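This briefing goes through a single protein model, topic by topic, for a reader who has the coordinates open alongside the text.

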Amino acid sequence: MGTVVLKLPKDKQEVVISDFQASRITSPPYARFAARTKTCVVTIYNSGKVMFQGTEAEAISARYGAPLLKKAPSTASGLLPRDFSTWSVIGSDEVGKGDFFGPLVVVAAYVDAQQIELVQELGVRDSKNVSDIEIRKIARDLHAVIPYEFRILHNPDYNRMQRTMTQGKMTALLHNSALGGLLEKLEVTPKAILIDQFAEKATYYKHLSGEVNQVKENVYFSTKAEGLHVAVAAASILARAIFLKEMDVLSQQAGTEIPKGAGAKVDQVAASLLLKHGPDQLKNWTKFHFANTKKATQLAEKRNRPSS
């Protein structure tokens with residue numbers, strides 16, 4: 001089955017609607033029109049993109065204009081196939097590794113080839129370029145559209161595991177677990193899996209050496225993977241939304257807004273919480289081995305000194 005996407009102005013869209021009005025069906029989210037014939041499904045999205053899918057997609061779409069050219073993904077190592085961005089793929093990404101407060105979150109998300117345009121229409125892109133408000137909105141839409149699996153390593157468990165393993169190994173274990181869980185849920189086999197690379201492939205699988213079930217088939221690794229397949233971008237959005245929700249919980253528990261990251265503001269808030277709740281409680285909210293702990297402790301001690 002072929003797929004062709006056109007970018008059409010409003011007047012051309014109206015022509016398409018008129019031509020397919022008799023075959024109209026219920027439109028999917030973020031689309032203004034959809035129709036189904038024996039040989040083609042036509043979807044007009046609010047952005048002006050018009051997607052034709054079916055055995056006669058190319059012939060029918062040619063009546064209305066030239067197709068959009070798809071950029072082939074590329075990596076420094078050149079390991080991804082040129083048409084990789086059009087495949088049915090599971091993408092996997094993590095959030096929270098560099099944040100002093102809050103858990104480590106990993107999401108594996110599956111985007112079927114036929115859903116790629118829809119997921120893009122939802123506004124999915126690299127989560128680092130999306131505001132927190134928009135992250136939450138897009139994530140709610142994705143929740144209703146694509147299958148995904150997530151793993152959360154809360155701070156008490158993170159700090160316990162950190163005694164015997166690196167953050168890299170913890171991250172690898174979470175990715176493998178999320179990927180395995182999603183594969184079990186899916187009724188189809190993805191063409192590939194793409195992990196946003198945080199470690200070399202050999203190092204990643206070395207971290208999994210003690211695991212009985214390792215996801216290895218058709219697995220690719222790449223840095224900046226959010227730009228190489230929308231599945232990784234979707235996983236990034238979902239992971240960020242879950243992380244934000246967890247930070248909301250911490251803020252409620254602490255009685256103050258908990259900042260993200262690991263900068264000076266984080267040190268100031270951590271010092272205040274250390275004075276108010278003590279080190280044991282702070283440990284339950286943070287990745288305690290970070291340098292922020294020492295900085296917050298020094299700030300707290302300074303505040304506690306009697307003024308001369």
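How many bridges join strand β3 to β4, and do the two run parallel or antiparallel? In this model, which is predicted, four bridges join β3 (residues 41-45) to β4, and the two strands run antiparallel.

**The β3-β4 hairpin**
- Three residues lie between β3 and β4, which form a hairpin, and in its turn glycine 48 has a positive phi of about 100°.
- Within the pairing, isoleucine 44 stands opposite valine 50, a residue of β4.
- Strand β4 (residues 49-54) is largely enclosed by the rest of the structure, because five of its six residues are buried.

**The five-stranded sheet**
- The strands of an open sheet follow the order β7-β6-β5-β8-β9, with mixed pairing, and β7 (148-153) and β9 (219-222) are the edge strands, each of which pairs on one side only.
- From one strand to the next, the twist averages 15°.
- Strand β8 (residues 192-196) runs parallel to β9 and is joined to it by four bridges; aspartate 196 has serine 222, in β9, as its bridge partner.
- Helix α8 lies across β5 (89-95), β6 (104-111), β7 and β8, and it runs at about 35° to β5.

- In soluble globular proteins, nonpolar side chains tend to be buried together.
- The largest nonpolar core here has 85 residues, and Phe101, Val107, Val124, Leu142 and Ile146 are those with the most contacts inside it; α8 gives the most to this core, with 16 residues.
- A second, separate core of 16 residues includes Val16, Phe20, Val50 and Ala57.
- Once its neighbours within four places in sequence are left aside, valine 107 is in contact with residues including Gly91, Ser92, Asp93, Tyr148, Glu149 and Phe150, as well as with Ala235, Leu238, Ala239 and Ile242.

**Helix α9 and its surroundings**
- The 14 residues of α9 (residues 264-277) should span 20 Å at 1.5 Å a residue, and this agrees with the end C-alpha atoms, which are 20 Å apart.
- Val266, Asp267, Val269, Ala270, Ala271, Leu273 and Leu274 are the buried residues of α9, and the buried residues of this helix pack against α8 (230-254), α10 (279-285) and α11 (292-304).

Note on methods:
Residues numbered from 1 in each chain as written. Predicted model: local features only at pLDDT ≥ 70, side-chain atom pairs only at ≥ 80, totals over all residues. Heavy atoms only, no water. Buried < 20%, exposed > 50% of the residue type's maximum accessible area, 1.4 Å probe, protein only. Pairing = 2+ DSSP bridges. Expected span 1.5 Å × (residues − 1). Contact = heavy atoms within 4.5 Å. Core = buried A, V, L, I, M, F, W, Y, C linked by side-chain atoms within 4.5 Å. Axes fitted to C-alpha atoms, helices over the stretch in contact; angles between N-to-C directions.
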